[in-house]
Amino acid sequence: MKSGKNTNTSHKIFSKWDLILLIFLILGFGLWIGFRQFAPSAAKAVVLLDGKVYEVIPLDKNAYYKVYRGDTYLMTLETKPGAIRATYSTNWIFPQTETNQVSVATGWISKEGETIISVPNKIVVYTEGAKERTTYDAMTFQN
Amino acid sequence: MKKRNIIISIFTVAIVGSVVASVFLAKTPPKYYTRYGVELGTDVEISYATEKGNAKEIVDKMFNTFQKYDLIFDPWIAGSELYNLNHSDGKWVKVSPDLLYVIKESINFARITNGKFDPTIGRLVPLWGFNTDNTKSWHLPTPQEIQTALEHVGYKNVEIKEDEVRLLNGVWLDLNGMMEGYIDQMLINMARQNDPKSSGFVDVGGTVGIIGPKYGNQPWIIGIQNPRGNPNNSIAYVKLYSGYVGTSGDYERYIIVNGKRYYHIFDPKTGYSNDYFESVTTVSTESVFSDGFGVFSMVAGPSEMEKMASELGVAYYAVNEEGQIIKNEEWQKYEYKP
């Protein structure tokens, strides 16, 4: 004798819509986590003077910035969207002379990992949040 | 129906919970703390990650040591240890372990290279004005001035007795040829003492030493500055899991007189720079050779460079004055082509 009990739906835990909802929930959560982890921030330049943060400059417009140690003018920086360069650098130790302008010769920097350095002025400029990164992690140069 | 909803809820919470756990508990790559600065008259970068303690605190401690090294190794700061030794009028002077180590290594390398590398060229440096950042003071000395300075050059005038050093015949030491590599090594020691499995690199004036592989198992990619390009323009790359890379060159402290380039690495026999190379980059497991070998090569030229590289087991990548690349077989181990 067969019982004739209908088993078609009573043991089905998920309906089609439950599954779709579940998948959307998981995908949404994953996207949210991914966005938080990997979303690029806007590009900016960090200017260090004597090892301390002097200014953080957003790289979102054409502008000029001057760097001073106290009242002493040291350097002019120019920005354009996504990039920064030094256009002039003095030498605070020997103010009557210019330096050999390595910082100016560096030109525009726009990639994460690139730097503008003025050793006589103890200024370091580097980018953060840039879209591209340099191929290298560090650079070896003459000592 | 009620039972079904409970099961769905439990199932959903379990899946979402496991996703959250996998995101937060999974082993994520270490996060590097990077600090830039200008120390010892050059630029410095340290990048460091550790699971023991705070990476920033360790890097800050490393940076705090530069003042100590300045007061030891800078021969042009009145009152520094090296300045006092150079002005000790031939008397025996007790020196610190740091200074003693670098003097010993420098004199040892001077012996090996038969004086092509010589740390006693100290009197030549201010003669050319290369001891200062004031570019207006960089100039070509007269032949007579150079001849007079050369009378006070010669590594055999350095005597070492336990922790004492005596400089004879008025020689002055300039230890720039090995100092940066040594300081790299000391900073790396600090990092590893904190955490032997820590990772990162130190870059003191372009001499880069590896604390540990990137993310624990990947190489660090180090660019070699194009000697005729700007400071962010690399001509080639090396990949390093450990060891040191350093460069000597003719492109930062130099003058051009009547079309000829004179730079800050002097041949101890003539008092002038030689024109074999624009730059020499060295990879070595020994910190002091990553600097010293390049200085030697700029003075000694290509044939002696090749011979010495085989003896020391170092890899080199040189750019000669015609812009041609010269590299040894050992270099292939480290070459990275993006």
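Predicted model: local features only at pLDDT ≥ 70, side-chain atom pairs only at ≥ 80, totals over all residues.
Chain B has 338 residues, of which 53% count as buried. Its secondary structure comprises ten helices and 16 strands. As for its contacts, if we consider those in chain B with a separation of 6 or more, 61% are between residues 24 or more positions apart.

Let me turn to the helices of chain B. Helix α2 of chain B covers residues 55–64, and helix α8 of chain B covers residues 176–194. Their axes come within 10 Å and cross at roughly 150 degrees. The crossing in which α2(B) passes α8(B) is right-handed. On the α2(B) side the contact is made by B:I58, B:K61 and B:M62, and on the α8(B) side by B:L187, B:M190, B:A191 and B:N194. Sorted by class, this contact of α2(B) with α8(B) has five nonpolar residues, one polar and one charged.

A second pair of helices in chain B is formed by α5, residues 97–112, and α9, residues 287–300. Here the axes come within 11 Å and cross at roughly 40 degrees, which makes α5(B) oblique to α9(B). This crossing of α5(B) and α9(B) is also right-handed. Which residues meet in this pair? From α5(B) there are B:Y101, B:E105 and B:F109, and these meet B:V288, B:F289, B:G292, B:F293 and B:F296 of α9(B). The contact of α5(B) with α9(B) divides into six nonpolar residues, one polar and one charged.

I move now to a sheet that involves both chains. It is an open sheet of four strands, in the order β8(A)-β8(B)-β9(B)-β16(B), and its pairing is mixed.

Another place where residues of both chains come together is B:H264. This histidine lies in the loop of chain B between β12, residues 260–263, and β13, residues 277–284. Is B:H264 buried or exposed? Its relative accessibility is 18%, so B:H264 counts as buried. Leaving aside residues up to four places away in sequence, B:H264 touches A:Q142 and A:N143 of chain A, and B:F130, B:G249 and B:R253 of chain B.

Strand β3 of chain A, residues 63–69, pairs with strand β4 of chain A, residues 72–80, in the antiparallel sense over seven bridges. In this pairing A:Y65 stands opposite A:L77 of β4(A). The hairpin of β3(A) and β4(A) has two residues between the strands, and A:G70 in the turn has a positive phi of about 60 degrees. Strand β4(A) also runs antiparallel to strand β5 of chain A, residues 83–89, with six bridges joining them. There, the bridge partner of A:K80 is A:A83 in β5(A). This hairpin of β4(A) and β5(A) likewise has two residues between its strands, and A:G82 in the turn has a positive phi of about 85 degrees.

Finally, I come to backbone angles in the loops of chain B. Most residues other than glycine have a negative phi. B:L40 is not a glycine, yet it has a positive phi of about 50 degrees. Its location is the loop between β1, residues 33–39, and β2, residues 42–49, of chain B. With 17% relative accessibility, B:L40 counts as buried. B:Y215, again not a glycine, has a positive phi of about 55 degrees. This tyrosine is placed in the loop between β7, residues 207–212, and β8 of chain B. B:Y215 is partly exposed, with a relative accessible area of 38%.

That concludes the presentation. Thank you for your attention.

Definitions and conventions:
Residues numbered from 1 in each chain as written. Chains lettered and ligands numbered in written order. Heavy atoms only, no water. Axes fitted to C-alpha atoms, helices over the stretch in contact; angles between N-to-C directions. Left-handed = near helix turned anticlockwise from the far one by under 90°. Contact = heavy atoms within 4.5 Å. Nonpolar A, V, L, I, M, F, W, Y, C, P; charged D, E, K, R; others polar. Pairing = 2+ DSSP bridges. Buried < 20%, exposed > 50% of the residue type's maximum accessible area, 1.4 Å probe, protein only. Parallel < 35°, antiparallel > 145°, perpendicular 65-115°, else oblique.
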